[in-house]
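I set out to record the aromatic rings of this structure and the charges placed over them. The entries below follow the order in which I looked them up.

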Amino acid sequence: MFSLDSYTSFISDVAKNRRLLYELAKQDFRQRFVGNFLGVTWAFVNPIIQVSILWFVFSVGFRAKPVGETPYIYWLLAGFFPWLHLSESIIAGTNCIIEKPYLVKKVVFRVSTLPIVKLASVSVIHTFFFMMMLFVYLINGIGDWKYKLQLLYYLFCLFSLTLTVTWITSAIVVFIRDIGQIVSISIQFGFWLTPVFWNADMIPPKYSYLMNFNPANYIVSGYRDSLLGGRWFYEKELETLIFWSTTFVFLLIGMYVFKRLRMHFADVI
């Protein structure tokens, strides 16, 4: 099921076709907002509106208490943005093949790179707010700067998890279109299982170990550790081992599914 040659070949193709992938990602980003009067401006307006609503509801309305010494809104945003990036990438990546049938029918094009195109497209907005968040946290003295260096590691974790999951879902949805709806529902369900709005310390100690098996929790808590100050990723040996083991299993399944189904994509689409 796993071939080192096929994996290295995939990496080689990505590097060789990086310019094409960049152009496809840029085109995909623009197409998401085609027909709107404000165009791509909505890509940045929507998250700003969401953040403003969150700030008003929790800081003004509910008067949420600080988490430790961190104001709740800063604690919330540190977990909300990685979850938003993760969920949008998986939902968008699931439909990446059925949205581009003209590429699927081209023999010379490697279809398994389409999830990368989607992830790159979605990451444009995330990168913008990622930099904005760093600036806000910096000028307000939130967290320890040295911990923010590991944000690149957790960004790589997010990219790896999303890519391996969408390899599975994007291949299956070609044959079972209901998978798209199932993924959306699963994302909503996973949102409440992941401590984005609530603190994981609320879970009784005897059940807290279950959070280690939620890969999204590893990323969300990692962003908080980085932005607010906490632990280095190498200090979480068990959580890191479980996360990368889970991601590797998704990788094996994704490569197997694509290899078995790729030849039938053109016939179904």
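I took rings of Phe, Tyr and Trp (its six-membered ring) as a pair if their centres lie within 6.5 Å; planes under 30 degrees apart count as stacked, over 60 as edge-to-face and the rest as tilted. The model is predicted, so I note that local features need pLDDT of at least 70, side-chain atom pairs count only at pLDDT 80 or more, and totals for chains, interfaces and linings use all residues. Residues are numbered from 1 along each chain as its sequence is written, and side-chain values use heavy atoms, with hydrogens and water left out.

Entry on the cluster. I find that ring pairs link Tyr147, Tyr153, Tyr154, Phe156, Tyr218, Trp232, Phe233, Tyr234, Phe243 and Trp244 into a cluster.

Entry on burial. I used relative accessible area (buried under 20%, exposed over 50%, partly exposed in between; 1.4 Å probe, protein chains only). Tyr153 is buried at 16%, and Tyr154 is buried at 0%. Phe191 is buried at 14%, whereas Trp192 is exposed at 57%.

Entry on charges. I counted a charge as over a ring if NZ of Lys or CZ of Arg is within 6 Å of the ring centre and within 35 degrees of the ring normal. The charged end of Lys236 sits over the ring of Tyr218, 5.1 Å from its centre; Tyr218 belongs to the cluster above. The charged end of Arg224 lies over the ring of Trp75, 3.6 Å from its centre.
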